[in-house]
Amino acid sequence: MLKVLCDMDPGHDDALALLVALKVVEVVGVTTVAGNQTLRKTTVNARRVLRAAEREDIRVAPGRGQPLFYPLVTAGEIHGESGLDGYSFPVLPELIPMIGANELLECTFSKALEPIDWIATGPLSNVAAFLLGHPHLFESIGTLSIMGGSLGRGNITDSAEFNIFVDPDAADIVMHSGLNIRMAGLDVTHKALLTPDAHARFRELADPIGEMLFALFSFYGSREVNAGRQGAPIHDVLAVAALVEPDLFNWQKTPLIVHRQGECRGATRRGQDGPYISVAVDIDVQSFFEWFWQALDQYR
Ligand code: BDR
Ligand code: CA
């Protein structure tokens, strides 16, 4: 199994991505970032999910509470006040003092005998900050699989996807890092929609995972932005799939520009001067969902 670090801002789809990742890769640590909600909330949410999965052995390290330069924008209208609205989580036990994201990343990458892959499903603030300070550790970083961006329409503005919009400067730094990057953006995540019948299938999983996913995705699917569709996008899960099952996607290696300001802030567009990034432009939806359920069915 691939060894993987997860950087995330849970968030409903981050939570689902983490549960899937636990079954298809070896998650060696989770770092949290502000995005869907504040850092305090996304960190608690990561711990809640790991607790439900009985994987509290995995360390959760909080990272940046703010984008590099812009003020934080959250997505409470989609993920609720807690970031994981819809389910009543049990109270978490008192927290043992935690190490920070930078420290966990440094410790993990510097001790790695082989490159460790990285999945990032929130704004790229932690990833960029770490890369800026640790160029000597690049050789220990394998593939970086991100959920973010779009070559076409956006979701938070007409042109920008949420994760890139929140911290476009971080995204720009990451894209220019020279790392091997796979980008699964809205071009593919808006094709793999979780239909309401999937909610019932969640219920077949053992509790608390079954009940938790049923409640969380009943909430997430009912949000205004998702309600008009045939199903809800589970964006972040595709970053996990892009890492472990790249053949599910069609990839285009394309020079990519991140717009950092102005009306197009956060837009990711093809542009001659940009660094070459592998962008997922299409997905085999049926095979993706077969893979997805095969992973989740391990919680039965
Ligand atoms: C991305 O934004 C967040 O709300 C989701 O968790 C996902 O990472 C989709 O644009
Ligand atoms: Ca996310």
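Visitor: Why is arginine 260 called partly exposed?

Guide: In this predicted model, arginine 260 has a relative accessible area of 37%. Buried would need a value under 20%, and exposed a value over 50%. The 37% of arginine 260 falls in between, so the residue counts as partly exposed.

Visitor: Is aspartate 169 buried or exposed, and how do you know?

Guide: The relative accessible area of aspartate 169 is 7%. That is under the 20% limit, so aspartate 169 is buried.

Visitor: What makes the contact of aspartate 169 with arginine 260 a salt bridge?

Guide: The two side chains meet with 2.9 Å from N to O. The limit for a salt bridge is 4 Å between a side-chain nitrogen of Lys or Arg and a carboxyl oxygen of Asp or Glu. The 2.9 Å is within 4 Å, so the pair qualifies. Side chains of opposite charge can pair when their charged atoms come close.

Visitor: Which parts does the pair of aspartate 169 and arginine 260 tie together?

Guide: Aspartate 169 belongs to helix H7, while arginine 260 sits in the loop between strand E9 (249-258) and strand E10 (268-270). The pair therefore ties together parts that are 91 residues apart in sequence.

Visitor: How many salt bridges does the structure hold?

Guide: There are twelve salt bridges in the structure. One of them joins the side chains of arginine 201 and aspartate 297, at 3.0 Å from N to O. Arginine 201 is in helix H9 and aspartate 297 is in the segment after helix H13 (285-296), so this pair links parts 96 residues apart in sequence.

Visitor: What makes arginine 201 partly exposed?

Guide: Its relative accessible area is 29%, and the limits are under 20% for buried and over 50% for exposed. Arginine 201 therefore lands in between. Aspartate 297, at 22%, also counts as partly exposed.

Visitor: Which residues are linked with Arg201 in a network of salt bridges?

Guide: The network consists of Arg201, Glu204, Asp297 and Arg300.

Visitor: How do you know that arginine 153 and aspartate 158 meet in a salt bridge?

Guide: Their N to O distance is 3.7 Å. This is within 4 Å, so the pair counts as a salt bridge. Arginine 153 has a relative accessible area of 63% and is exposed. Aspartate 158, at 57%, is exposed as well.

Visitor: Which side chain of opposite charge is nearest to aspartate 167, and why is there no salt bridge?

Guide: The nearest such side chain is that of arginine 64, 5.4 Å away. A salt bridge has to be within 4 Å, so aspartate 167 has none, although it is buried. Aspartate 167 is found in the loop between H6 and helix H7 (168-175). A polar atom of its side chain lies 2.8 Å from the backbone nitrogen of leucine 68.

Visitor: Why does glutamate 54 count as it does at 68% relative accessibility?

Guide: Because 68% is over 50%, glutamate 54 counts as exposed. Its phi is near 55°, a positive value in a residue other than glycine. Glutamate 54 lies in the loop between helix H2 (39-52) and strand E3 (60-62).

Visitor: Where are the cis peptide bonds of glycine 11 and proline 208?

Guide: One joins proline 10 and glycine 11, with omega about -10°. Glycine 11 is in the loop between strand E1 (3-8) and H1. Another joins aspartate 207 and proline 208, with omega about 10°. Proline 208 is in the loop between helix H9 (196-203) and helix H10 (209-222).

Visitor: What makes the approach of asparagine 155 to ligand 1 a polar contact?

Guide: A polar side-chain atom of asparagine 155 lies 2.8 Å from an oxygen atom of ligand 1. The limit is 3.5 Å between N or O atoms, so this pair is a polar contact. A polar side-chain atom of aspartate 236 lies 2.6 Å from an oxygen atom of ligand 1. For a polar backbone atom of threonine 121 the distance to a ligand oxygen is 3.0 Å.

Visitor: How much of ligand 1 does the protein bury?

Guide: Taken alone, ligand 1 exposes 280 Å², and the protein buries 97% of that. The shell around ligand 1 divides into two nonpolar, six polar and four charged residues.

Notes:
Residues numbered from 1 in each chain as written. Chains lettered and ligands numbered in written order. Predicted model: local features only at pLDDT ≥ 70, side-chain atom pairs only at ≥ 80, totals over all residues. Heavy atoms only, no water. Polar contact = N/O pair within 3.5 Å; in protein donor to acceptor, adjacent residues only side chain to side chain. Areas by Shrake-Rupley, 256 points an atom, 1.4 Å probe, with all protein chains shown as cover. Nonpolar A, V, L, I, M, F, W, Y, C, P; charged D, E, K, R; others polar. Helix = DSSP H or I, 4+ residues; strand = E, 2+ residues; numbered from the N terminus. Buried < 20%, exposed > 50% of the residue type's maximum accessible area, 1.4 Å probe, protein only. Lys, Arg positive; Asp, Glu negative; His and termini not counted.
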